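Biologist: I'm new to this one. Can you put it on screen and walk me through it?

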Amino acid sequence: RVLLGHEIPTTWFQAVNSGFIFTLAPVFALLWPRLAKSGREPSTARKMAVGLFALAVSFVLLYFAARRAEVVGRAGMLWIVGAYGFQTVGELMLYPVGLSMVTKLAPARYASALMGVWFLSNAAGNKLAGSIGALAEGHGDATVFRGIAVGSVVAGVILYALAPVLHRMTHGAEDVLPQAAPAAS
């Protein structure tokens with residue numbers, strides 16, 4: 001944790017994800033419209049599948065870091081920074097994309113309720129993450145990280161393969177671009 005002769009406090013690593021969000025969110029905000037304009041924007045399901053692949057890469061990095069820590073007693077800080085970077089890419093390809101899809105597909109009458117279901121699914125995911133984290137105590141960090149990486153790849157492959165079917169099921173809702181708000185007079 002030494003950088004340019006200064007020891008980095010471990011608490012500072014909590015800000016790495018936020019730093020990546022602030023850095024990468026504008027990139028993705030510019031990327032999707034540009035790809036759409038050129039006709040190369042991937043479907044929502046494909047974006048989400050790539051997000052799962054990025055998540056898998058982050059856990060592969062954590063797996064190698066945990067293995068190194070088992071041998072040497074610690075791992076370099078770049079492992080965690082790299083993992084946070086890939087997790088942020090995955091987050092930006094899953095969360096806002098999925099949230100947008102819920103608003104596009106939800107019937108107007110049930111839009112608020114379905115947004116609530118989206119947020120409840122996040123709560124369920126956080127509960128599952130806590131349960132999986134508890135497994136690390138009995139199985140070891142490297143084993144748990146490897147399991148999450150494999151699970152993310154499997155889920156990503158399934159989602160990527162189902163993307164054409166899911167796209168057809170949206171009946172064109174995915175292809176509708178948001179309209180600009182009318183100017184106030």
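Modeller: One definition to begin with. Buried means under 20% relative accessible area. Also keep in mind that this is a predicted model.

Biologist: Which element is Thr 44 found in?
Modeller: Thr 44 is found in helix α2.

Biologist: And what is Thr 44 in contact with, leaving aside its neighbours within four places in sequence?
Modeller: Val 97, Met 101 and Glu 174.

Biologist: How many residues apart along the chain are Thr 44 and Glu 174?
Modeller: They are 130 residues apart along the chain. Their C-alpha atoms are separated by 7.5 Å.

Biologist: Let's zoom out. How many helices and strands are there in the protein?
Modeller: There are 5 helices and 2 strands. From the N terminus on, the order is β-β-α-α-α-α-α.

Biologist: What box do the C-alpha atoms fill?
Modeller: Roughly 60 × 35 × 30 Å, taken along the principal axes.

Biologist: What share of the residues is buried?
Modeller: Buried residues make up 28% of the 185 residues.

Biologist: And the contacts? What share comes from residues 24 or more positions apart?
Modeller: Take the contacts with a separation of 6 or more. Residues 24 or more positions apart account for 72% of those.

Biologist: Back to α2. How do the axes of α2 and α3 cross?
Modeller: Helix α2 covers residues 44-72, and helix α3 covers residues 77-105. Their axes come within 8 Å and cross at roughly 160°. Angles over 145 degrees count as roughly antiparallel, so α2 and α3 are roughly antiparallel to each other.

Biologist: Is the crossing left-handed or right-handed?
Modeller: α2 passes α3 in a left-handed crossing.

Biologist: How do the residues of that contact divide into nonpolar, polar and charged?
Modeller: The contact of α2 with α3 has 20 nonpolar, 7 polar and 2 charged residues.

Biologist: Now the other helices. At what angle do the axes of α4 and α5 cross?
Modeller: At roughly 135°, and the axes come within 7 Å. Helix α4 is residues 111-139, and helix α5 is residues 141-169. That angle makes α4 and α5 oblique to each other.

Biologist: Which residues meet there?
Modeller: From α4, Ile 132, Leu 135, Ala 136 and His 139. They meet Asp 141, Thr 143, Val 144 and Ile 148 in α5. By class, the contact of α4 with α5 has 5 nonpolar, 2 polar and 1 charged residues.

Biologist: Changing topic. How many salt bridges does the count come to?
Modeller: The count comes to 2 salt bridges.

Biologist: Which side chains meet at 2.5 Å, N to O?
Modeller: Those of Glu 41 and Lys 47. Lys 47 is buried, with a relative accessible area of 6%. Glu 41 is partly exposed, at 32% relative accessibility.

Biologist: And which side chains meet at 3.5 Å?
Modeller: Glu 70 and Arg 67 form that salt bridge. Both residues lie in helix α2, 3 residues apart, about one turn of the helix. Glu 70 is exposed, with a relative accessible area of 53%. Arg 67 counts as partly exposed at 40%.

Biologist: On to the loops. Where is Arg 40 found?
Modeller: In the loop between α1 (16-37) and α2. Arg 40 counts as exposed, at 58% relative accessibility.

Biologist: How many Å separate the C-alpha atoms of Arg 40 and Ser 18?
Modeller: The separation is 29 Å. Arg 40 and Ser 18 are 22 residues apart along the chain.

Biologist: And where is Leu 4 found?
Modeller: Leu 4 is in the loop between β1 (2-3) and β2 (6-7). Its relative accessibility is 79%, so Leu 4 counts as exposed.

Biologist: What is the phi of Leu 4 near?
Modeller: It is near 55°, a positive value in a residue other than glycine.

Biologist: Why point that out?
Modeller: Because most residues other than glycine have a negative phi.

Terms used: Residues numbered from 1 in each chain as written. Predicted model: local features only at pLDDT ≥ 70, side-chain atom pairs only at ≥ 80, totals over all residues. Heavy atoms only, no water. Axes fitted to C-alpha atoms, helices over the stretch in contact; angles between N-to-C directions. Helix = DSSP H or I, 4+ residues; strand = E, 2+ residues; numbered from the N terminus. Parallel < 35°, antiparallel > 145°, perpendicular 65-115°, else oblique. Left-handed = near helix turned anticlockwise from the far one by under 90°. Nonpolar A, V, L, I, M, F, W, Y, C, P; charged D, E, K, R; others polar. Salt bridge = Lys/Arg side-chain N within 4 Å of Asp/Glu carboxyl O. Buried < 20%, exposed > 50% of the residue type's maximum accessible area, 1.4 Å probe, protein only. Contact = heavy atoms within 4.5 Å.
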